[in-house]
Amino acid sequence: MALRACGLIIFRRRLIPKVDSAAIEFLLLQASDGIHHWTPPKGHVEPGESDLETALRETQEEAGIEASQLTIIEGFRRELNYVAREKPKIVIYWLAEVKDCDVEVRLSHEHQAYRWLGLEDACQLAQFEEMKAALQEGHQFLCSTAT
C-alpha cells in the first residue's frame with residue numbers, strides 16, 4: 001500500500017517596480033536529512049484527518065504559516081505518484097497564496113533552509129520531475145485564471 005501525504009504549493013505575488021505587474025514566487029523548503037531535497041511543505045495523513053487538514057497542519061508545523069494566513073486556490077489539486085525509499089508514495093498538493101507576501105517563515109527541525117523562487121529557479125531546485133511538473137502546472141493555472 002502506498003504512503004499518503006498532503007501539502008500546499010505556497011506562492012506569493014511580488015510587485016515588480018516600474019512594470020506594474022506581479023511575479024509569482026513559490027516557497028520551497030530544504031530537508032534537513034537525506035539528500036537535502038527542496039519541496040513545498042507536506043506530510044503524512046494522520047488518522048481522522050482529511051487530506052486538506054493534513055496539508056494545512058503540515059504547513060503550520062514545517063513553515064510556521066497558519067491556515068488563516070493563506071488563501072486556498074479553488075480548482076487546483078495535483079496528485080503525485082512516485083517511489084521514495086523503495087516504497088510507493090502518493091502526495092496531494094493544493095495551491096495556496098499567502099495573504100501577506102512578507103509573511104514570516106519559521107522552519108521546524110525537519111528543514112534547514114527556505115527560499116521564495118520564481119518558476120524557473122524553483123524547478124531547478126526541485127530535483128524530482130513530478131515536483132517540477134506540479135510547479136509548472138500550478139504556475140500555468142495561476143496565469144490562466146488571472147484577471
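Me: What makes E62 count as buried yet without a salt bridge?

Reply: Buried means under 20% relative accessible area, with exposed over 50% and partly exposed in between (1.4 Å probe, protein chains only), and E62 falls in the buried class. A salt bridge needs a side-chain nitrogen of Lys or Arg within 4 Å of a carboxyl oxygen of Asp or Glu. Lys and Arg count as positive, Asp and Glu as negative, while His and the chain ends are not counted. For E62 the nearest side chain of opposite charge is K42, at 6.3 Å, so there is no salt bridge.

Me: Before we go on, what sort of model is this?

Reply: A predicted one: local features need pLDDT of at least 70, side-chain atom pairs count only at pLDDT 80 or more, and totals for chains, interfaces and linings use all residues. Residues are numbered from 1 along each chain as its sequence is written, and side-chain values use heavy atoms, leaving out hydrogens and water.

Me: Which backbone atom of K42 lies 3.2 Å from a polar atom of the E62 side chain, and why is that called a polar contact?

Reply: The backbone nitrogen of K42. A polar contact is a pair of N or O atoms within 3.5 Å; within protein, one must be able to donate a hydrogen and the other to accept it, and residues adjacent in sequence count only if both atoms are side-chain atoms. The K42 nitrogen sits at 3.2 Å from the E62 side chain, so the distance is inside the cut-off.

Me: Where is E62, and what else does it touch?

Reply: E62 is in helix 1, residues 51-63; helices are DSSP runs of H or I with at least four residues, strands are E runs of at least two, and both are numbered from the N terminus. Contact means heavy atoms within 4.5 Å. Beyond four places in sequence, the contacts of E62 include L29, P41, R106 and H111.

Me: Why is S144 called exposed?

Reply: Its relative accessible area is 57%, so S144 passes the threshold for exposed. S144 belongs to helix 3 (residues 129-144), and a polar atom of its side chain lies 3.0 Å from the backbone oxygen of F141.

Me: And H109?

Reply: H109 is exposed too, because its relative accessible area is 70%. H109 is in the loop between strand 6 (87-98) and strand 7 (111-117).

Me: How do you know that the chain agrees with a compact globule?

Reply: The radius of gyration is taken over C-alpha atoms, and the globule rule is 2.2 Å times the number of residues to the power 0.38. For 147 residues that gives a value near 15 Å, and the chain has 15 Å, so the two agree.
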